[in-house]
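Work through the exercises below with the sequence and the model side by side. Try each task before reading its solution.

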Amino acid sequence: MDLPVEEWKSYILEKWALLPKSVQVTISKAETLSDIFLHSSSLLQPEDEMFLKRLSRGYLVGKDPNAPLFYREEGNKKFQEKDYTGATVLYSKGVSHSRPNTEDTSLCYANRSAALFHLGQYETCLEDIVRAQMHGYPERLQPKMMLRKAECLVLLGRLQEASQTISDLESSFAAKPTLAASQFQILQRTLCRLKMKIQKKENLTETVSAALTKAFEDMDLREENKQISSASASVSLCTDPFKGRYLIATKDILPGELLVKEDAFVSVLNPAEVLPLHLGLESKWDTRVTNGDLYCHRCLKRSLAPVPCDGCSYAKYCSQECMQQAWDLYHNIECSLGALLLTLGVFCHVALRSTLLARFEDAGEVTRKLCGDISNKDTRLPESKNLVQTLSYDLGGESEKNGKTVETPIPGCDINGKYENNYYAVCNLLPHTENHSAEYKFLCALSISALCRQLEAASPQALMTGLTSSKLKAAMAPVLCPESSIWGVAMLRHMLQLQCNAQAITAIQQTGSKENIITDSRQVRLATGIFPVVSLLNHSCSPNTSMSFVSTVATVRASQHIGKGQEILHCYGPHESRMGVAERQQKLRSQYFFDCTCPACQHGKHRTTAEPRWEAFCCCSCRALIQGDEVLSCGNASCTESVSRDHLVSRLQDLQQQVGIARKLLRNGKLERAIQQLLGCQHDAESFLSAEHSVVGEIEDDLAQAYAALGDWQKSAAHLQKSLRVVEVRHGPSSVEMGHELFKLAQIFFNGTHHHLKSSC
Ligand SMILES: [Zn+2]
Ligand SMILES: [Zn+2]
Ligand SMILES: [Zn+2]
Ligand SMILES: [Zn+2]
């Protein structure tokens, strides 16, 4: 999802392998991003672009004129089954495929308003009625919708508007009586009845979530930091040659204190599990619900009634305002590139969007630097090569220093030493160019240059529209000039930065649909963003802060007392409660390029006791537990087996990847294939993991779900019992987790009995 799709990845890696050694060396040895980019992109051939185009064709992101009818009918089926949420989502898909101002659009909106009415979402229902009318709802169907409108207004306590709507209707009928008078009597009666119990009939959940959002918005930083935007005055920015930049407490901080509240500089909604069409979808039109259907593509608010982009079927927004903003900021460029961006992955997309957003920063450091450097430093007209160097030097200065420009004391800060959430700060995040493998850099560079060629095909003039200042326009002109490829270098830089600096924006979501007996809530990754201030925090496997999100805003709070002078730390992912020390170290080294020396890791390394059973490995030949630090040897005295920890950790990672594939199949309802995949995983797990390993438990749990979905309650229960054992070992018999598992087991037994009774009748 972050990286390009598998097919393109392996295509490019094969291309890399076939390059002459000398070319490989040139690219591997290249020190600047511009060199890497120029060398790589010169190797991009038309047939490579053709291959990429073919892959992109698998994503249906345009508007298909035949789809609205299909989705409307599917929606109507759900509506009849009283699954109003399901119906709403399908009508939304219908809207996405309709052209503006067509009967299709208006019918989808009208049907959706009916479903929303049943869900008690009266405000949203009214909005959809307005939308249906705007797009030309047919005259003959008007009365029904007007009745619904009046009912909504009554339920919302807006009685005057309700009466107005009714009298409008009455007079239109007096003019051309097509509807029986009895219908009106019914409505009048309803009106009287409803008038009496209007109060507080608003949808409860709407009110609650609105109140929560309000409460959240009210919770602002007590005192804003003068040096760092979006941070509290209790922290301060420091730098040292070993650690780089980091934040420390300038006073004692209490648990729960808000330390950072930052809106993402850029964020891109993750396309969840959208599979390209050629991967075995039965119907041409997808009826499955993904995050892309439920969350606003700009602000990430959850919405059952999104409005789609006029130009594509992919982008959807919570409101007209969000749609317009997204369009002005970036979607005007991205709209026609939807399929390509899905193929190239989220990192590529974030990289592009960052540069598009950069166009709107006026008066910032970027402008100053670009304008200053272009007009003053070099009097001659900059040729592309020269400008590339200027840019790659100024935007982070990882190439040779010439000492001509005055460096601010801390990278990313402006001349006054202020660090802000802006493009300049984004550019100063480390891309770790020297740490990435040559193949990875080649993959990123070719993906970006393929994207650049598509952008060049679009009018460069379009890229300039909407720029606020003419000064900036002048500054950006060479950047956006197709020949210069500076744009590509900037995007390549962002793509490489993302491996260490991408922040997952998460939300708590209910999983499992109505048909699924086992439901669960889990944290899901909604989007990928860049938060320049949050990025200043260093990692610890036992951090002293916790992070949460509302919309695209991240908040970091102290999770414990932090003494004055202590560093503020957060966890990049490998938390000590989720992973053993060796696995954490390996992950941090491969993804973030550092050796973690946090107290949890220090302590873990010198640990003499064996690891807990839910993290233990077993011998591949005799299945006894194996122990040790770097090299593990079999605990069975008569066995001489030994194996390196690195080997086991990498096997575990492979296994987890396989389990991930199985889950994807499970989520997509491919039950038989999911079970095959899971049984394979189970077989593999048995050969090197302890029987109580947490991954073994997860596999059993997934198998239980898959069998339950197939209605095979006996098998389901058997697997759940095995998973239960692991949970008990890990969390204890009286833990919440254990309670949760037991509840699932009860559900299965109940369903099994129920099923059994039904079939024996
Ligand atoms: Zn929105
Ligand atoms: Zn669009
Ligand atoms: Zn650590
Ligand atoms: Zn052994």
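**Exercise 1.** Find what arrangement the four donor atoms make around the zinc ion (ligand 2).

Solution. Step 1: list the donors, that is, N, O and S atoms within 2.8 Å of the metal (3.2 Å for Na, K and Ca); water is not among the atoms, so sites may look incomplete. In this predicted model, the zinc ion (ligand 2) is coordinated at 2.0 to 2.4 Å by Cys 309 (SG), Cys 312 (SG), His 331 (NE2) and Cys 335 (SG).

Step 1: check the angles. Four donors count as tetrahedral if all angles lie between 85 and 135 degrees; four count as square planar and six as octahedral if opposite donors are over 155 degrees apart and all others between 65 and 115; anything else is irregular. The angles subtended by the four donor atoms around the zinc ion (ligand 2) are 106 to 114 degrees, so the arrangement is tetrahedral. For comparison, ideal angles at a metal are 109.5 degrees for four tetrahedral donors.

Step 2: Cys 309 sits in the loop between β5 (307-308) and β6 (316-317), and His 331 in helix α14 (residues 320-334); the pair is 22 residues apart and links distant parts of the chain. Helices (H or I, at least four residues) and strands (E, at least two) are DSSP runs, numbered from the N terminus.

Step 3: decide on burial. Buried means under 20% relative accessible area, exposed over 50%, partly exposed in between (1.4 Å probe, protein chains only). Cys 309, with 2%, is therefore buried, and His 331, with 6%, is buried too.

A note on conventions: residues are numbered from 1 along each chain as its sequence is written, and chains are lettered from A and ligands numbered from 1 in the order in which they are written. Local features need pLDDT of at least 70, side-chain atom pairs count only at pLDDT 80 or more, and totals for chains, interfaces and linings use all residues, while side-chain values use heavy atoms, with hydrogens and water left out.

**Exercise 2.** Describe the site of the zinc ion (ligand 1).

Solution. Step 1: the protein donors are Cys 296 (SG), Cys 299 (SG), Cys 318 (SG) and Cys 322 (SG), at 2.3 to 2.4 Å from the zinc ion (ligand 1).

Step 1: the angles among these four donor atoms are 105 to 114 degrees, and the site is tetrahedral.

Step 2: along the chain the donors follow the spacing C-x2-C-x18-C-x3-C.

Step 3: Cys 296 counts as buried because its relative accessibility is 1%. Cys 299, at 5%, also counts as buried.

**Exercise 3.** Which residues coordinate the zinc ion (ligand 4)?

Solution. Step 1: Cys 619 (SG), Cys 622 (SG), Cys 634 (SG) and Cys 639 (SG) coordinate this ion at 2.3 to 2.4 Å.

Step 1: around the zinc ion (ligand 4) the donor atoms subtend angles of 93 to 125 degrees, which makes the arrangement tetrahedral.

Step 2: Cys 619 lies in the loop between β13 (617-618) and β14 (625-627), whereas Cys 634 lies in strand β15 (residues 631-634), 15 residues apart. Both Cys 619 and Cys 634 are buried.

**Exercise 4.** How do strands β10 (residues 545-550) and β11 pair?

Solution. Step 1: two strands pair if DSSP finds at least two bridges between them. β10 and β11 pair in the antiparallel sense over six bridges.

Step 1: Phe 549 stands opposite Ala 554 in β11.

Step 2: β10 and β11 form a hairpin with two residues between them, and Ser 551 in the turn has a positive phi of about 55 degrees.
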